[in-house]
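Please open the model in your viewer and keep the selection panel at hand.

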Amino acid sequence: MIERMGFVVLGPLSVATCAVALVACGGGSSSSGTGTGTSSNKTATYTILDSFEGPTSGDGVGPNGLILGGDGNFYGTTTEGGTSTSCTTGCGTIFKLVPSSGSKTVLYSFGSSGDGTYPYGNLIQGSDGNFYGTTATGGTGTTCSGGCGTIFRFSPGTGTATVVYSFGTSGDGAYPYGNLIQASDGNLYGTTTAGGTSTSCTGGCGAIFKFSLSSGTETVLYSFGTSGDGAYPYASLIQGSDGNLYGTTAGGGTSTTCSGGCGTVFKYSPSSGTETVLYSFGASGDGTYPYAGVIQASDGNFYGTTAEGGTAKSCTGGCGTVFMFSPGSGTETILHDFGSPGGDGENPYTGLIQGTDGNLYGTTYAGGANNLGTAFMVSPTSGTETVLYNFGSVAGDGETPNANLIQGSNGAFYGTTLFGGAASYGTVFDFTVQ
C-alpha cells in the first residue's frame, strides 16, 4: 500500500513512488518551448501549449489529460491545485484550454463542504452537453476517511459543479480513479478501485457501477474479488462492438507470479449481469499490472499496456508491454517489450489510442533519452515500436506523461504531463508526426 494524496490506495503499486503519486520527482524551471524528435524515419514536432502554475496562483497541479468539447475547446481536470484551502495543496480543478490561442482558464476548484476532492480521472461530455467525472475522495460518504469519492456534473453554461453521487454506503464502491463512459443505453458506467462486497481484499477489491442520469441513482453491478477474479480496477471501461463492457484490473487473476495477482482483462455483460475474466496476466515474459484499460481497434481486437512485466531486464519487475487480446480466440500476444534497446520508454501507465493512420499511440512515464518518459507509436500489424519524442528535450519541457493522448481534427496529438513546465506542475503539449 502506498499513501497518495493523504489517503491509502489499495493494490499492487510496485514501481517507484513518484510514478504513482504526485510527489516532487523533479521538474523544469524555464519557459515553455518546442522541440523535434526523430526516430526510425518518423519525425515528431512537439510544442508546449501551457504550463500549470500551481496552487499559489490558483492554478491546477497535475493534469489528467484532455477531452475535446463540443465547442472545439479542450477540457480537463487536475488532481491538485485550485483555490480551495481545505486540502494542503488544493483539492483539484476543472480547466479549459483554447487551442487556437493556448489560453487556459480554471473553471472550477474542488473542495467546498461536501464536495469531491482529488479527481484522478478525466471528464466526459454527456449527451446532455454537461461534463461528468469522478473524484477519488471527498463527498458525504462516511465509510472512508476523507470521503469515498464522488460523481459530479459540471455545467459549462453556468460554470457550476454539482455532486450527483457520493460513494461510501455499505457494500458500495470506493475511490473511483478511472473516467466514466456513457454507454449506448444513456447511462454512465465506471469502476471503483476499492469497496464492493468482497472480503478477500482489505477495504474491498473494487466494483463496477452504473449511474442513471434520468433517475440520479447509482447501482453496484459487480464486486470484484471472488476466487481467481480480478481486483483493483484503476482504469476506465469501454463498450465493445458487441455491447458488453470491457476493462482491466491491476491485480487479481490466477497467476501466482505476483503477490495478489498480476492483473486481468475482463468482460461485463449488462444484459446478464455477469463478469468474466478473459485473461490473467503473469505468465513467463508476460506483462503485469495493467493500470490502463483497453481499446477496441478497427480490427476488432483489444489493445492495451501493462506498467511492468515483459522481457526487458533494465527495470526491476520489467519495463512494461503493449499487448493485444483477441476476443475470437481468447489469446493474448505481447507486441512490444519496453526498455530494450536502450533509450526506449519504460513503465506505460496510460492506455493507447488508435490514430487515423491505423497505428497505436501512447506514452511512457519513464525511460527515453532523458528518463522522463516518451511518446511512442506501435504498428498493430507488425508490432514495431517507434519512439516519437523524448520528454525533457527542451527548456522547461514537460516530464512524466501520465494520461492518454487524444488526436485532434487537425491530425495532431494532444496530451498532458504530470510534472515539468515553467513551474514544475505539469504541461499541456501537442505533437505532429511526419
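The stops below concern salt bridges, a threonine and a glycine in a predicted model.

**Salt bridges**

Select D50 and K104 to begin: their side chains form a salt bridge, with an N to O distance of 2.6 Å. D50 belongs to strand β4 (residues 42-51) and K104 to strand β9 (residues 104-109), so that distant parts of the chain, 54 residues apart, are linked by this pair. D50 counts as buried because its relative accessibility is 13%, under the 20% cut-off.

D59 is in the loop between β4 and β5 (60-63) and K104 is in strand β9, so the pair ties together parts 45 residues apart in sequence. Both K104 and D59 are buried. With the three residues displayed, the view shows D50, D59 and K104 linked in a network of salt bridges.

**T135**

Move to T135, in strand β12 (residues 131-135). T135 is buried, at 0% relative accessibility. Which side chain makes a polar contact with the side chain of T135? It is that of T150, at 2.7 Å. A polar atom of the T135 side chain also lies 2.8 Å from the backbone oxygen of T137. Beyond four places in sequence, the contacts of T135 include F110, Y118, F152 and P176.

**G147**

Finally, select G147, in the loop between β13 (137-138) and β14 (150-155). G147 is buried, with a relative accessible area of 3%. Excluding residues up to four places away in sequence, G147 touches T137, G138, G141 and Y175.

Methods: Residues are numbered from 1 along each chain as its sequence is written. This is a predicted model: local features need pLDDT of at least 70, side-chain atom pairs count only at pLDDT 80 or more; totals for chains, interfaces and linings use all residues. Side-chain values use heavy atoms; hydrogens and water are left out. Helices (H or I, at least four residues) and strands (E, at least two) are DSSP runs, numbered from the N terminus. Buried means under 20% relative accessible area, exposed over 50%, partly exposed in between (1.4 Å probe, protein chains only). A polar contact is a pair of N or O atoms within 3.5 Å; within protein, one must be able to donate a hydrogen and the other to accept it, and residues adjacent in sequence count only if both atoms are side-chain atoms. Contact means heavy atoms within 4.5 Å. A salt bridge is a side-chain nitrogen of Lys or Arg within 4 Å of a carboxyl oxygen of Asp or Glu.
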